[in-house]
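Please look at the following chain and its fold, and keep both in view while reading.

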Amino acid sequence: MLRGRAVTLRPATTGDVAALAAIRAAPEVRRWWRGGDDLDSAVRADLADDTLSVYAIEHDGRVVGAIQWYAEDDPDYRHASMDVFLDPAVRGAGLAGDAIRTLARHLIDEHGHHRFTIDPAAANTAAVRAYAKVGFRPVGVLRHYERGEDGRWHDGLLMDLLADELAD
């Protein structure tokens with residue numbers, strides 16, 4: 001269990017699948033996270049992925065999103081990558097930033113990570129702003145990075161953060 005200022009992060013379980021799938025079904029989340037027609041299965045697949053660590057984000061006693069990370073363990077390129085989504089009903093309260101700071105501190109202190117990456121859609125300006133508040137900096141545009149539900153390719157934005165740049 002990881003405690004932030006306003007959120008608690010705990011390993012997500014199969015008991016969280018319905019809540020996380022419902023959040024991912026919200027149009028404001030689904031636009032960026034997608035997951036096909038069966039979001040329950042998409043969430044279960046993430047939980048079953050041995051290379052991915054998924055945490056439920058709790059606020060005021062309820063699940064309001066998820067944050068996940070995976071590691072590049074090659075010692076010459078070692079870093080951690082993160083992804084996060086929140087219930088649109090709690091956006092704007094700084095919970096994403098709190099979750100990212102909490103997870104980053106854990107990854108620095110417990111796993112020895114010194115660098116983090118995150119790759120929002122370039123058009124997801126709210127996410128880009130939220131990540132910048134924590135200290136992430138744009139590295140560059142990943143052109144035609146991912147296919148959207150509309151079938152077209154869309155750009156991503158690679159952002160990174162060094163441990164000593166983590167903003168409080």
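Which residue in E3 does Thr-8 stand opposite? Thr-8 stands opposite Glu-58 in E3. The model is a predicted one, in which local features need pLDDT of at least 70 and side-chain atom pairs count only at pLDDT 80 or more, while totals for chains, interfaces and linings use all residues. Residues are numbered from 1 along each chain as its sequence is written, and side-chain values use heavy atoms, with hydrogens and water left out.

## Paired strands

The names of the elements follow DSSP runs, numbered from the N terminus, with helices (H or I) of at least four residues and strands (E) of at least two. Two strands are said to pair if DSSP finds at least two bridges between them. Strand E2 (residues 8-11) takes part in two pairings: with strand E1 (residues 2-3) it runs antiparallel and is joined by two bridges, and with strand E3 (residues 53-59) it pairs in the antiparallel sense over four bridges. E1 and E2 form a hairpin that has four residues between them, and within this pairing Leu-2 has Leu-9 of E2 as its bridge partner.

The hairpin of E7 and E8 has five residues between the strands, and in it Gly-151 takes a positive phi near 85°.

## Pockets and a cavity

Rolling a probe the size of a water molecule over the atoms shows where empty space is left. The search uses a 1 Å grid over the protein atoms alone: a cavity is a set of points where a 1.4 Å probe fits but cannot get out, a pocket is an open set with protein on both sides within 12 Å along at least five of seven lines, and lining residues have an atom within 4 Å of a point. Grid points are joined across faces, edges and corners, and a volume is the space filled by probe spheres set on the points. For the classes of lining residues, Ala, Val, Leu, Ile, Met, Phe, Trp, Tyr, Cys and Pro count as nonpolar, Asp, Glu, Lys and Arg as charged, and the others, Gly among them, as polar.

| Space | Volume | Lining by class |
|---|---|---|
| Largest pocket | about 880 Å³ | 20 nonpolar, five polar, twelve charged |
| Second largest pocket | about 180 Å³ | four nonpolar, two polar, seven charged |
| Largest cavity | about 50 Å³ | seven nonpolar, one polar, two charged |

The largest pocket is lined by 37 residues, and those nearest its centre are Val-84, Phe-85, Asn-124, Ala-127 and Tyr-131. Several elements each supply at least two residues of this lining, among them helix H2 (27-33), helix H4 (95-111) and strand E7 (137-147). H5 provides the largest share of the lining of the largest pocket, seven residues.

The second largest pocket is lined by 13 residues, of which Arg-31, Trp-32, Gly-148, Glu-149 and His-154 lie nearest its centre. H2, E7 and strand E8 (153-162) are the elements that give two or more residues to the lining of this second largest pocket.

The count comes to one cavity of 30 Å³ or more. Residues lining the largest cavity include Leu-20, Arg-24, Trp-33 and Phe-85. Two or more residues of the lining of the largest cavity come from each of H1, H3 and E4, and H3 gives the most, with three residues.

## One face of helix H1

A residue is called buried under 20% relative accessible area, exposed over 50%, and partly exposed in between (1.4 Å probe, protein chains only). In helix H1 (residues 17-25), the buried residues are Val-17, Leu-20, Ala-21, Ile-23 and Arg-24. Seen down the axis of H1, these buried residues fall within an arc of 160°, so they line one face of the helix; the arc is that of the directions from the helix axis to the C-beta atoms. The buried residues of H1 are covered by elements that include H2, H3, strand E4 (62-72) and E5, where contact means heavy atoms within 4.5 Å.

## Positive phi angles

Most residues other than glycine have a negative phi. Asp-60, in the loop between E3 and E4, has a positive phi near 50°, and Asp-60 counts as exposed because its relative accessibility is 71%. His-144 lies in strand E7 and has a positive phi near 45°; with a relative accessible area of 52%, His-144 is exposed.
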